Amino acid sequence: MSRRADIAEEVQLDMGSQLLAHADDLLPTATEAQLRFLAERLTEALREVLRVAESRGRRGQMSGDGLPERPSS
């Protein structure tokens, strides 16, 4: 399951990188409609990146048995 999540995250991050490169090219000459569309896509990509970061943070806190580690007191 973890390998599948890694692959899905890799695809999402790659798509985000491609979208950012497209935005860099488009911004200097974009119409208002293109800017709106681009803003919507960038918002979606940022949402996915934040989800990936949160997921990785949780996985980093998991113990070997797959249960969250308890903070040491």
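How many residues does helix H1 have, and how far does it reach from its first C-alpha to its last? A few friendly notes follow.

1. Helix H1 runs over residues 2–26, has 25 residues and reaches 36 Å from first C-alpha to last, close to the 36 Å expected at 1.5 Å a residue. The expected span is 1.5 Å times one less than the number of residues. Helices (H or I, at least four residues) and strands (E, at least two) are DSSP runs, numbered from the N terminus. The chain comes to 2 helices and 0 strands.

2. A word on the basis: this is a predicted model, where local features need pLDDT of at least 70, side-chain atom pairs count only at pLDDT 80 or more, and totals for chains, interfaces and linings use all residues. Residues are numbered from 1 along each chain as its sequence is written, and side-chain values use heavy atoms, with hydrogens and water left out.

3. Of the 73 residues in the chain, 14% count as buried. Here buried means under 20% relative accessible area, exposed over 50%, and partly exposed in between (1.4 Å probe, protein chains only). In H1 the buried residues are Glu9, Gly16, Leu19, Ala23 and Leu26.

4. The largest nonpolar core has 6 residues: Leu19, Ala23, Leu26, Ala30, Leu38 and Ala45. H1 and helix H2 (32–60) are the elements giving two or more residues to this core, and the largest share, 3 residues, comes from H1. Such a core is a set of buried Ala, Val, Leu, Ile, Met, Phe, Trp, Tyr and Cys residues joined through side-chain atoms within 4.5 Å. Leaving aside neighbours within four places in sequence, Ala45 is in contact (heavy atoms within 4.5 Å) with Gly16 and Leu19.

5. Now the charged pairs. The structure holds 4 salt bridges, each a side-chain nitrogen of Lys or Arg within 4 Å of a carboxyl oxygen of Asp or Glu. Arg41 meets Glu40 at 3.8 Å, N to O, and also pairs with Glu44, with the closest N and O atoms 2.8 Å apart. Arg41 and Glu44 are 3 residues apart in helix H2, so about one helical turn separates them. Arg41 is partly exposed at 23% relative accessible area, as is Glu44 at 37%.

6. Glu48 and Arg51 lie 3 residues apart, about one turn of the helix. Salt bridges that share partners join Arg36, Glu40, Arg41 and Glu44 into one network.
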